[in-house]
Structure formats: C-alpha cells, structure tokens
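Reader: I have a chain open on my screen and would like to talk it through with you. Could we begin with what you mean by a pocket, and then go on from there?

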Amino acid sequence: MSHSHLLAFAAAGFFVSGACAGPGTPSQATSIAGMVPQEEPDPKTRVVDLSTLQDMQGLLDRIADRRVVFIGESHDRYEDHLNQLAVIQGLHRRGKSLAIAAEFFQQPFQEAVDDYIAGAISESEFLRRTQYFDRWRFDYRLYRPILRFARAEAIPVIALNLEAELTRRVGEVGIAGLTDEERARIPTEIDRSDPKYRERIEKVFAMHPSDGGQDIEHFIEVQLLWDEGMAARAADYLEAHPDRTLIVLAGSGHVEYGQGIPKRLTRRIDVPTATILNGTQRSMDPAAADFFLYPREIGLPASGLLGVMLESSNGQGGARIQGFAESSGAKDAGIKEGDRIVRIGEQPVAAYADVRIALVDRRPGETLPVEVLRKRPIGADERLSFDVQLH
C-alpha cells in the first residue's frame, strides 16, 4: 500500500522559517507610523513550517517509543481506517510487539474475537458471535483490512467497549440506579472533575434531538462510563502484558484533547502515549492531538443492496421486511412487506445479521436468488423464491 499521500506533522511547536519585507510588512508600517492604525496579530493564527512536514515513516519514527498510540477515527471514513492500518503495519515491521484495542467490539465478546484471530472460526461466524451488525452496524469492510492483518500476524485484538445493555441502562436510570450486579460490571473509579469534558459533552447533548425526557446527567454518565470503561480495559491489558505496545482505535471524540480515554488510562497506569487524529475537518489546535494526518478521501466500493427495511428481531426466524427503499430490487422482483427472508444465495438467514453477511461482498447489478416465507390466511407459510437484482 502506498502512503505517499499521507502528510503527518506535530500539532505543537509551529514556527515561521523566514520573512521578507513587502507591502503591509512591519518595515512599511513603521515608515507610515501615525498614519495607519496599528493592529495586533491574531493570537489564534497557526503557522506551519512546510519544511518540517513528515511522511508516514517520519511519524513512525516519532511514535516508536510510545507504549500506547491512540488513533482517532470517524467511523465511516475509510481513509481513517487505512491510516490506522498503516500505523499498525509500520510498527509491526519495526519489530514492535503489538496489540490492538478496538472500540467496535464489546467486552463480553472477547472469546469470539480471540477465536477469529487464532484462525479457529470463519469470518462469518466471527461476525455472528460478536453480534457486530447488531451492536456496531458500520460497514464491516471499513475494518476488515485491520482485522485480517491482525489474524494473519497473530496480533491480539482487545474488545474495548462496555456492553450496550449496560450503557443503555445508565442512560435510563443513571449510575445511582444500577443494581449491585450491574454496578459490579462498571469501573469503580469514575473521574468527574474535568469541567472541559463536561462542557464538551453538554454541547453534544444540545445537538441531539430530544423529546424532553432525556436526562442530561444520565447522558454525561453514559459518556463517562464509555471512556472510563475503555480506559480501564486498556490499562488492565497493559499491566498484564508489559511487553506489548497497545494501539487504541476509537472515535475521535474519545481521544481528542486527551479528555476521554487517554487521561483516564494514564491515571491508572503511567505510560508514554501519543494521539493521532485526522486533521482534515478540524481547526489546527495543538491541544487536540500530538499528530494530525491529512489523507485524501477514499471511499469503499458501492455495496449491492436489496432495498429493504428489516426488523432487527421478530422471534420467528428469518428477517421480516417492514418496508422498501425508494429504489428496491426486492420489491421489483415481487417480494412484499411482511415476507420473511430465509435465504440469500447460498446463505441461510436466521436473523438480521445473516442478511448483512450474505451481502457484504456483493455489488450493484448482481442478481441473487432470495427465498422468503409468506404468511397465508390459512395453513402453513408459503415458501417463495425470487431473483433479485441488487441496487
């Protein structure tokens, strides 16, 4: 993979390499002193010395001695994940003993992640057992290159996130409302002392549509629980594996300014760290990260879609169709609302995740046989097969 398009530079210590006199320079301003009002320069202006710009190899030189490297992401930006992979591959080539801590897997599913990395189960079984499509839902192809590299090189992958049931419960009743059993599953130490963290979360809360019933304190506690839970999991791994360098892959909001995972991890274990963010769509604030990356935008190839809206669970097996997209190959083929998809191509469908697995490598324009069960007024459901062109 070529990374010539990547430019990385430290997000601190910017300086100007030189200056020359010209229109509007201080030398001219001095000559007409008293004629033109003097203005102070904007203290927030950032200046980059272009001679110090680095490529990926330069970045790797700078972070090779760090025990933890946080690489923030926008979950749906493929270029962010390719940069994560580039850092992992680069440090691996340099002989670093790595582990990857991933926000997109929840802690109770560590055994399934371990089995996949060890080569004991297939990719399809891995996606089912981790409940990836029910708990994360972003296009799996975004993360696939990282996971396949980890599997090929036997690099441990750590399920970093708390289970959704627990954070959802905190959103409803707050930490104080948890049962003793639930409380035993969250970190014992939760730091609420950072006013800037709270201010940032309050701004996020204000951007979320609400019917007035959502409690801001519960919302903040959910964010705290996510960050403290991931930090505690990472710190436990580092303590148990002192020979490993940990690469933490998480949403940018969990790592920027060190407020989320980083400071909560180093509060638990004193290790040297580095934070890397995509700088393309953010202000150049040296406090946000140690390094910014400026990759070109890279999109995944289009996926083939049935054009259906599915119930996540119906208790009857298969995936029940609730409705159709405006452009729907399934509807065009004769499939109806209420039908339950039970097979796509050679893939049996027992639940929503099986639909996603069956289509993960399909492209628009392909035609697949799709079997459904259709309820009849009397008697058993009718099994029907349709040839569906993917849109």
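Author: A pocket here is an open set of points on a 1 Å grid over the protein atoms alone, with protein on both sides within 12 Å along at least five of seven lines. Please keep in mind that the model is predicted.

Reader: OK, what volume does the largest pocket have?

Author: The largest pocket comes to about 730 Å³. It is lined by 29 residues, and H75, E103, Q223, W226 and H254 are the closest to its centre.

Reader: Which helices and strands supply at least two residues each to that lining?

Author: Strand β3 does, and so do the helices α6, α8 (164-173), α10 (195-207) and α11, each with at least two residues in the lining of the largest pocket.

Reader: Let me pick on Q223, then. Where is it, and what does Q223 touch?

Author: Q223 belongs to helix α11, which covers residues 216-240. If residues up to four places away in sequence are left out, Q223 touches Y197 and I201.

Reader: Is Q223 buried or exposed, and why?

Author: Q223 counts as buried because its relative accessibility is 14%, and buried means under 20% relative accessible area.

Reader: Switching topic: how many cavities of 30 Å³ or more are there?

Author: The count is three cavities of 30 Å³ or more, and the largest cavity has a volume of about 60 Å³.

Reader: What lines that largest cavity?

Author: Its lining includes E103, F104, F105, Q106 and F109, and also Y132, R135, W136 and N161. Strand β3 (98-106) and helix α6 (132-135) each supply at least two residues of the lining, and the largest share, four residues, comes from β3.

Reader: On to strands. Which partners does β6 have, and do they run parallel or antiparallel to it?

Author: Strand β2 (residues 68-73) is joined to β6 by four bridges, and these two strands run parallel. Strand β7 (residues 291-293) is joined to β6 by three bridges, and that pair also runs parallel.

Reader: How many of the six residues of β6 are buried?

Author: Five of the six are buried, so β6 (residues 273-278) is mostly covered.

Reader: And helix α2, which of its residues are buried?

Author: In α2, which spans residues 56-63, the buried residues include M56, G58, L59, L60 and I63. At the start of α2, a side-chain oxygen of D55 comes to within 3.2 Å of the backbone nitrogen of Q57.

Reader: One more residue, R144. Where does it lie, and what is R144 in contact with?

Author: R144 lies in helix α7, which covers residues 144-153. Apart from neighbours within four places in sequence, R144 is in contact with E123, V360 and D361.

Reader: Why does R144 count as buried?

Author: R144 is buried because its relative accessible area is 10%, and the cut-off for buried is under 20%.

Reader: To finish, what does the whole chain look like in numbers?

Author: The chain has 14 helices and 13 strands, and of its 391 residues 47% count as buried. Among contacts with a separation of 6 or more, 69% are between residues 24 or more positions apart. The chain exposes about 19600 Å², of which carbon and sulfur atoms supply 50%.

Methods: Residues are numbered from 1 along each chain as its sequence is written. This is a predicted model: local features need pLDDT of at least 70, side-chain atom pairs count only at pLDDT 80 or more; totals for chains, interfaces and linings use all residues. Side-chain values use heavy atoms; hydrogens and water are left out. Buried means under 20% relative accessible area, exposed over 50%, partly exposed in between (1.4 Å probe, protein chains only). Contact means heavy atoms within 4.5 Å. A polar contact is a pair of N or O atoms within 3.5 Å; within protein, one must be able to donate a hydrogen and the other to accept it, and residues adjacent in sequence count only if both atoms are side-chain atoms. Two strands pair if DSSP finds at least two bridges between them. Accessible areas come from the Shrake-Rupley method with a 1.4 Å probe; for residues, only the protein chains shown count as cover. On a 1 Å grid over the protein atoms alone, a cavity is a set of points where a 1.4 Å probe fits but cannot get out, and a pocket is an open set with protein on both sides within 12 Å along at least five of seven lines; lining residues have an atom within 4 Å of a point. Grid points are joined across faces, edges and corners, and a volume is the space filled by probe spheres set on the points.
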